[in-house]
Structure formats: structure tokens, C-alpha cells
Amino acid sequence: MKRWFRRGPWEAVASVVIGAGVLMLLQPFSITLYTYSFVTTLAGVVLFTVVSKFPD
């Protein structure tokens with residue numbers, strides 16, 4: 001079970017979620033993506049903050 005709580009892979013996932021949120025914010029095509037960009041970025045930041053407490 002400890003294998004699931006490793007910092008490295010989860011930090012990568014959180015970084016991808018943050019990046020996706022920023023890309024959603026900057027794209028000019030879909031108002032729906034723009035609408036959910038802040039929530040996506042915020043979820044990535046919260047995930048990164050929680051994951052940073054995981055063991056190496």
C-alpha cells in the first residue's frame with residue numbers, strides 16, 4: 001500500500017493538472033474550458049500541496 005503514496009509520480013500528476021488548467025485558461029476556442037480552468041488549476045495546486053507531504 002505504501003507504493004501508492006510515493007511523492008514522485010503524484011507530483012508529476014499534479015504538475016500536469018496545473019499545466020492543463022493554465023492551457024485551458026489561455027486557449028481562445030472554448031468558453032467551457034475557460035470556465036473550468038481556475039477550478040482545474042486550483043485542484044492541481046491543492047493536490048501538489050497534499051502530495052508534497054508524502055514520503056519520498
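Tutor: Start with burial. Buried residues make up 14% of the 56 residues in the chain. Keep in mind that this is a predicted model.

Student: What makes a residue count as buried?

Tutor: Its relative accessible area must be under 20%. Over 50% is exposed, and in between is partly exposed.

Student: Why is Pro 28 called exposed?

Tutor: Pro 28 has 68% relative accessibility. The cut-off for exposed is over 50%, so Pro 28 counts as exposed. Its place is in the loop between α1 and α2.

Student: How far is Pro 28 from Ser 52 in space?

Tutor: Their C-alpha atoms are 33 Å apart. In sequence, 24 residues separate the two.

Student: Why is Ile 18 called partly exposed?

Tutor: Its relative accessible area is 24%. Buried needs under 20%, and exposed needs over 50%.

Student: Now the helices. What secondary structure does the chain have?

Tutor: It has two helices and zero strands. Helix α1 covers residues 7-26, and helix α2 covers residues 31-51.

Student: Why are α1 and α2 called roughly antiparallel?

Tutor: They pack at an angle of about 160°. Angles over 145 degrees count as roughly antiparallel. Therefore α1 and α2 are roughly antiparallel to each other. Their axes are 7 Å apart, and their crossing is left-handed.

Student: Which residues make the contact between α1 and α2?

Tutor: From α1, they include Val 13, Ala 14 and Ile 18. From α2, they include Thr 40, Gly 44 and Leu 47.

Student: What does Ile 18 touch, and how is that decided?

Tutor: Contact means heavy atoms within 4.5 Å. Leaving aside neighbours within four places in sequence, Ile 18 is in contact with Thr 41, Gly 44, Val 45 and Phe 48. Ile 18 itself is in helix α1. The C-alpha atoms of Ile 18 and Thr 40 are separated by 6.9 Å, with the two residues 22 apart along the chain.

Student: What does Leu 47 touch?

Tutor: Leu 47, in helix α2, touches Val 13 and Ala 14, not counting residues up to four places away in sequence. Leu 47 and Ala 14 are 33 residues apart in sequence, yet 5.8 Å apart from C-alpha to C-alpha.

Student: Where is Val 13, and how far is it from Gly 44?

Tutor: Val 13 lies in helix α1. Its C-alpha atom is 8.3 Å from that of Gly 44, which is 31 residues away along the chain.

Student: How much of the contact in the chain links residues 24 or more positions apart?

Tutor: Such pairs account for 60% of the contacts with a separation of 6 or more.

Key. Residues numbered from 1 in each chain as written. Predicted model: local features only at pLDDT ≥ 70, side-chain atom pairs only at ≥ 80, totals over all residues. Heavy atoms only, no water. Helix = DSSP H or I, 4+ residues; strand = E, 2+ residues; numbered from the N terminus. Buried < 20%, exposed > 50% of the residue type's maximum accessible area, 1.4 Å probe, protein only. Axes fitted to C-alpha atoms, helices over the stretch in contact; angles between N-to-C directions. Parallel < 35°, antiparallel > 145°, perpendicular 65-115°, else oblique. Left-handed = near helix turned anticlockwise from the far one by under 90°.
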